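Please find below a colleague's note on the model under review. It is arranged as numbered points for reading beside the structure.

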Amino acid sequence: MFRNPSQPAACSLLSHLPSPAVLDELARSCGLMQRRSKKLSPAVILAAFLSAVPAVEHSFFGLASLASRCSGQSICKQALHRRFGASLQEFLGAVLAHILCTRRAGQNRGSLLPAGSPVRRILVQDSVHLALHPCLRQDFPGSSNQHGNARAVLKIQATFDLLNHRMEDFTLSGFNRNDQAAAPDILQHLRTGDLILRDLGYFTLDSLAGIHQAGAFFVSRYSKAALYHPGGQRIHLEDWLLKKLRKAAPGTCLDIPVQLGAGMRLPMRLIAVRLEKDSANARRRRALSNRDARLKHTPRSLALLDWSLYLTNLPAQAHAGNRIAALYALRWRIEILFKSLKSQGLRLPALLKQPMNKTKLEALVESAMILMTLNTLAVPAPACRNTSKRGAAANARAKHVKPPRHVSLLKSARVMNLLLTSLLDQWLELPGMQPFDRLYAQFAPAMTYEKRRRKTSAHDLTAIFTAS
C-alpha cells in the first residue's frame, strides 16, 4: 500500500534553489554579468522576478522596488532596464533548467512501482493556453473572431514526471502550434521504460511509433485510425461494439491485441470499457452541446460514447486491462498544476493581460514556471510500504494506524506564495528573518485535503499501485 507523508518537506525548498555562486556562473555564461555587482546581483534579479509574479507587477519601477527590498539597498529602474534583454531571458531559462535537473534523494523505481512492472517513469504531457494583451499578437498569434480580429494567446507545453513529482520540460509558443505538432517534442526526453499519458489532441501515428521504437510505453485514447487483427483482418469497431456487444453490462472490459494504422501496423492492445448509464449520457450531452461545426454527430457515433476506448503497448502480464483506464485517469494530475499556475496564488493570467514586450513576458512566464516547479518539489511524491519479509510485520501493524492526509497541490501553491518573501529572505541570508522551514511547518495542516466522500487525485495515484 502507498501512503504520503503527513506534511511536505519544507527545508528541501531552499536546497532546490541554486546557490548565489551557481547563479553567478549561470549569469556569466549567459552574458548577464561580466563582473560581480555590489547591488544588483543575479540572486537579487531572480528574487525580484519571482516576487513579481504573485504580486502581479511588471513595470520596471515595481521590479526595481522588489529588487531593492531583496537587496536591502536602493536600486533604480534604469539599472534594471540596462540588464533587461535576451541575456536575462536566457539566464532565467538556465535557472529553470537547473531546477528541473533536481532529483529527489532516496527515490527509485523499486520504491514506487510494484515488482514486475516494466515502467520506470510516468510522463504526463499536456498544454495550457493563456490570453495575452493584443500588443503581443505578432509574437504569440491566436485565433481570430468572425470579424477577422486576431487575438494574442500563449500556449505552454509541459511534461510532468508523475512518480518523482517533478517537472521535466516546458516550451512556449503561440496558439497556432497545436498539440499534434507538439507531439514529437517528448521523444527527446524518453528513456527505456517510460510510460506516456496524453490526451487525444496528441494522437499521431508517427509519435506513437517513435515512443514504441524508443522502448517506452503509452496509454492513449483511441482516435479514428484503422485497426487490424494480428492476422491482418480489418476491425470494424463500431459494428463490433454496437451490434455484437450492445447488451454488455456496465463495467465490462475487453482487452484484445490489435495492429494500428494501414501502413505502420503498430502492435498494441485495444482496451474497451463499458461505462455506466449516467456517465455515458453525460458524455452525449457534452458532445451535443459542443458548437464546433466540424463535429457531425450521428446516432452511431453517439451510441459509441457508451464505451471508453484506449490504446496501449503495455504488457498484459503486468498491467491488466481493467487498470488501464485508472492509469489514464492520472493524466488529470497535470491539470491541477495548471490550475495552480492560473488561479492559486500565482495569478499569471491577470499578469499577462497587461501590455508588455515579448522579452518581459517570457521572463515573467519562466519565473512563474520556477515557482510552480518549486511547489511540485515541496509536495511529497508517493511512497509505498516495505514489501520485504521484514517489512510484512511493520505493514500489519501500520493497518491500525490512522493514515496521514494527502497534501493538496493547490493549497501548497497558495501557502508557498504567501510565504515567498520569507523564503527569498532566508535564501538571500538577510538578517533578522524567521526561518522559512519553521513558518512552512506551521502551515502544513492547512495544505492537506479536507475529509470528503469523493476521492482526490492523490488517492487515485495511490490506488493505482495498491491493486494487485
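Predicted model: local features only at pLDDT ≥ 70, side-chain atom pairs only at ≥ 80, totals over all residues.

1. Helix α2 spans residues 20-30, and its buried residues are L23, D24, L26, A27 and C30. Viewed down the axis of α2, these buried residues fall within an arc of 165°, so they line one face of the helix.

2. What do the buried residues of α2 pack against? Their partners are α3 (42-52), α6 and α19 (420-427). The face of α2 turned away from the buried side carries E25 and S29, both exposed. After α2 comes G31, whose phi is positive, near 80°.

3. One of those partners, α3, also packs with helix α4 (residues 60-71), at an angle of about 125° and with the axes 8 Å apart. An angle of this size lies between the ranges for roughly perpendicular (65 to 115) and roughly antiparallel (over 145), and α3 and α4 are therefore oblique to each other. Their crossing is right-handed. On the α3 side the contact is made by V44, A47, A48, F49, S51 and A52, and on the α4 side by L63, L66, A67, C70 and S71. By class, the contact of α3 with α4 comprises nine nonpolar and two polar residues, with no charged residues.

4. Helix α6 (residues 86-100) packs with helix α16 (residues 358-378) at an angle of about 15°, their axes being 9 Å apart. Because angles under 35 degrees count as roughly parallel, α6 is described as roughly parallel to α16. The crossing in which α6 passes α16 is left-handed. From α6 the contact involves Q89, L92, G93, V95, L96, I99 and L100; from α16 it involves T359, E362, A363, E366, S367, M369, I370, T373, L374 and L377. The class count for the contact of α6 with α16 is ten nonpolar, five polar and two charged residues.

5. Is R246 buried or exposed? With a relative accessible area of 52%, R246 is exposed, since the cut-off for that class is over 50%. R246 is located in the loop between α10 (237-244) and β10 (253-260). Leaving aside residues up to four places away in sequence, R246 touches L241 and R274. R246 and D306 lie 60 residues apart in sequence, and their C-alpha atoms are 9.3 Å apart in space.

How values were computed. Residues numbered from 1 in each chain as written. Heavy atoms only, no water. Axes fitted to C-alpha atoms, helices over the stretch in contact; angles between N-to-C directions. Helix = DSSP H or I, 4+ residues; strand = E, 2+ residues; numbered from the N terminus. Left-handed = near helix turned anticlockwise from the far one by under 90°. Contact = heavy atoms within 4.5 Å. Nonpolar A, V, L, I, M, F, W, Y, C, P; charged D, E, K, R; others polar. Buried < 20%, exposed > 50% of the residue type's maximum accessible area, 1.4 Å probe, protein only. Arc of directions from axis to C-beta.
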